Number of protein chains: 2
Amino acid sequence: MSKEITSRNEDYSQWYNDLVLKGGLADYSAVRGCMVIKPYGYALWENMRDVLDKMFKDTGHVNAYFPLFIPKSLFEAEEKNAEGFAKECAIVTHYRLKTDTENKGKLIVDPEAKLEEELIVRPTSEAIIWNTYKDWIQSYRDLPLLINQWANVVRWEMRTRLFLRTAEFLWQEGHTAHATKQEAMEETEKMLNVYADFVENYMAVPVIKGIKSANERFAGADETYCIEAMMQDGKALQAGTSHFLGQNFAKAFNVQFMNKENKLEYVWATSWGVSTRLIGALIMAHSDDNGLVLPPKIAPLQVVIVPIYKGEESKKTVDEKALEIVGNLKSKGIRVKYDNSDNSRPGWKFAEYELKGVPVRMALGLRDIENNVVEIARRDTKEKISVSIDKSVETVESLLIEIQNNIFEKALKFRADNTYTTDSYEEFKQLLDKGGFILAHWDGTPETEEAIKEDTKATIRCIPLDGKIEPGICIYSGKPSSQRVIFARAY
Amino acid sequence: MSKEITSRNEDYSQWYNDLVLKGGLADYSAVRGCMVIKPYGYALWENMRDVLDKMFKDTGHVNAYFPLFIPKSLFEAEEKNAEGFAKECAIVTHYRLKTDTENKGKLIVDPEAKLEEELIVRPTSEAIIWNTYKDWIQSYRDLPLLINQWANVVRWEMRTRLFLRTAEFLWQEGHTAHATKQEAMEETEKMLNVYADFVENYMAVPVIKGIKSANERFAGADETYCIEAMMQDGKALQAGTSHFLGQNFAKAFNVQFMNKENKLEYVWATSWGVSTRLIGALIMAHSDDNGLVLPPKIAPLQVVIVPIYKGEESKKTVDEKALEIVGNLKSKGIRVKYDNSDNSRPGWKFAEYELKGVPVRMALGLRDIENNVVEIARRDTKEKISVSIDKSVETVESLLIEIQNNIFEKALKFRADNTYTTDSYEEFKQLLDKGGFILAHWDGTPETEEAIKEDTKATIRCIPLDGKIEPGICIYSGKPSSQRVIFARAY
């Protein structure tokens, strides 16, 4: 029997967990809130990472690596940043264990090995990086500094969800330094566009680009840009953020440079990041009640071939033809697996690869070979076609493109169908219960946003960058507003 | 002026630090014992990682990711392993900071946010991984499990050196599970061979494959295989290890599987790793008093082109021709940089790229273009030749291969010249002071090894795999010995 997946209607949250666990993407671990990323999930992350890494390099960035730990005195230097992360950070206080003399075979923390200064496991690296940049930046000739880091970070969240919110997660964090405010602003927007490009064109998830309200801004930023995606339950998921940090960190760490006029100035900063959380977004944007649906461009496997045979002789014939097709697909750069394992029957394999979201499945039997045809099934629509074996490679090639486009279009239509505009607070609340994005007027104050959140659990996801200027009155306070913002409940 | 490098003769240790710091590979950080890997050093690591990663995948391994933290109760489960790492590990005891009411703007560890169970920052991941494998392995069908992880680890070393020994370092750790002892043994040796292949054929560092004595064995292993390299001061550096773990972790974490005969058996294990320490080996094996010497196969930059011009008009002509050469080199997959920055003069650039170890430097001036020639200098021998521009690409291509081979041969000759055989303990001590590897007989006891170490600071680097069986008497105790082993002082 294939593995059972809870349906979305029955229990959306359980459906999600089923996909992560039974799809082989991740597993729970012995450490509270930390997950194990399993090989299939990690292969997906590697593909995402490789595409992003190339995009960063193509836009002039280089990679580096900074320490995992941040001494407390550096951590607290930028006050808002420190305040934002202080409540959820892992703290190293000791550097040695010793034998527990009262319990054989057990160890205890050695009280004599207490650190003079506690170390914070990085929840984000602005502090340690800007403390380093101080030594690297003297003159305008040292700028811009365009550095990215792939790393693990830890935020001691109280309520965790696989991929979506884990105590430790993998991410990249870009940290750039610039001579002018304008250049830093341009960098902030450039990286937001890189993220939007990646999420839409590789992950096939449509996003809305926007600016966060003050309440939702990154701790220590002057402005946070974000991309927001809609999940199949109508909730929003923040898929990436790019922060304009002004001179906040330069001032906290005293990073000044000699400008062309020989005057000392504080450096301007940005930071931007996406994380393994994106995998959560990917799952919830496309998958269905039969399992994962992965976009071909980043799927660990793009094609699986399942042989159908009875007896050794027929197996040999099918193997031979299948391996020929495998070779032809590989020569086109297609990631393909031929599963002729004896452990399970074709039907079980079909269900398994459907669960794993492999975009294209081919089934090949003895009679097919006699007729020179092969059955090709697409994961997204579950349509099957029978094509001539000679044309199978080109069929697969165009199908992979079509699937990539189709799941993006489907997600885009879903978002359009679940995006509403309203000027009535009563309707606003009803719409929220249906789920989706709501475009509504807001008076621009944190107090109103807070009150709406208190009342409805919805937050302002962003002030959309392409939103039109359209005077109106705030849905909650009745005060004037210049533009609609996007409200939603969010992950 | 170019940056000053201390010569090897003057102060070998300072020479090494100068290369790391002034060559732009790494920097000290605000965290005791932790370094910052700078972009140039990280690009080198990325190239090394990518080659290794492909080698692992080509031998059937997949990547995954396990938690950074290990709960103390799991950490102590395999007693020898725990004992080996207990004295040097970073321990997380709290998960929250709070405002220090007595010092404005400062934070203190919140005593109310103490963890019920302390978390060890992984010094190596056997414990957390084998605790996970318990859930993944039920039957022989689940085996072998061939998983690798790229990760950061922390060992609270008292004396640290950039790359060679840092509190936090980057590495990969393979953790495999097998149904039989023989299969695990074969895996252990296979991965040792992968490491030797990589270090010799990509890093151009010759290594000796061998087995560690019990004293030098990995904590928790039944047998540790290693590759040992010789540095230019004659000291040894362990460049990689592959451990046969027997059933030690399977027993500690109760990982059993149903074999084909339907009987429960404990699983057999291996683990193997190389780290950013390899960069230290690379530096000390090849570099000279002018700076780094990097092997072309993994050098971040393989070729740099420096233009020589006076005035804008001549710059334009040189730029044009240089960019044409850059294009031709890139089309051959060569990593090339054209440095036409105005910040510094050609002589300064020459010294800078020599310091950074770029294998090939091309210099191109107006007169060269008129004569259709370009000057090509190789970093390893410092020889310069003038070749026709039309032949420059093929010249560079063959030069990169030649440099790769030459620096390997040079290191191989150096090792041969500094490897001695002796049967006299007095001569043994004199040779050690000269520096190098010494092949000598040893009685096989930990006591003798310890006594020699105490007396001379030399350890047994390995029992060489290709050493011939040759009866003799122990250089220290006079007791019988069946084979010479390699002694050396080591990093």
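Begin by selecting A:Pro144, which lies in the loop between α5 (126-136) and β9 (145-154) of chain A. Helices (H or I, at least four residues) and strands (E, at least two) are here DSSP runs, numbered from the N terminus. The model is predicted: local features need pLDDT of at least 70, side-chain atom pairs count only at pLDDT 80 or more, and totals for chains, interfaces and linings use all residues. Residues are numbered from 1 along each chain as its sequence is written, while chains are lettered from A and ligands numbered from 1 in the order in which they are written.

**The cis peptide bonds**

Display the backbone at A:Leu143 and A:Pro144: a cis peptide bond joins the two, with omega about -5 degrees. Next, move to chain B and select B:Pro144, in the loop between α5 (126-136) and β9 (145-154) of that chain. B:Leu143 and B:Pro144 are likewise joined by a cis peptide bond, with omega about -5 degrees. Most residues other than glycine have a negative phi, and most peptide bonds are trans.

**Positive phi in chain B**

Select B:Asn254, in the loop between α7 (248-252) and β14 (256-258) of chain B. B:Asn254 is not a glycine, yet its phi is positive, at about 55 degrees. The residue is exposed, with 11 other C-beta atoms within 10 Å. A residue is termed buried if 20 or more other C-beta atoms lie within 10 Å of its own, exposed if 12 or fewer, and partly exposed in between, with C-beta atoms placed from the backbone.

Continue to B:Asn372, in the loop between α11 (366-370) and β20 (373-378) of chain B. Its phi, near 60 degrees, is again a positive value in a residue other than glycine. B:Asn372 counts as partly exposed, having 13 C-beta neighbours inside 10 Å.

Within helix α13 (residues 425-434) of chain B, select B:Asp433. B:Asp433 counts as exposed, with 10 C-beta neighbours inside 10 Å.

Return to chain A and select helix α12 (residues 392-417), which has 26 residues. From first C-alpha to last, α12(A) reaches 36 Å, close to the 38 Å expected at 1.5 Å a residue; the expected span is 1.5 Å times one less than the number of residues. Buried residues of α12(A) include A:Leu399, A:Ile403, A:Phe408 and A:Arg415.

**The contact between the chains**

Now show both chains. The contact takes 56 residues from chain A and 56 residues from chain B, two residues being in contact if their C-beta atoms, placed from the backbone, lie within 7 Å. Strand β5 (residues 91-94) of chain A gives the most to the side of chain A that touches chain B, with four residues.

Zoom in on β5(A) and strand β5 (residues 91-94) of chain B, which pair in the antiparallel sense over three bridges; strands pair if DSSP finds at least two bridges between them. The bridge partner of A:Val92 in β5(B) is B:Val92.

**The axis**

The same surface serves both copies, as 100% of the contact residues of chain A recur in chain B.
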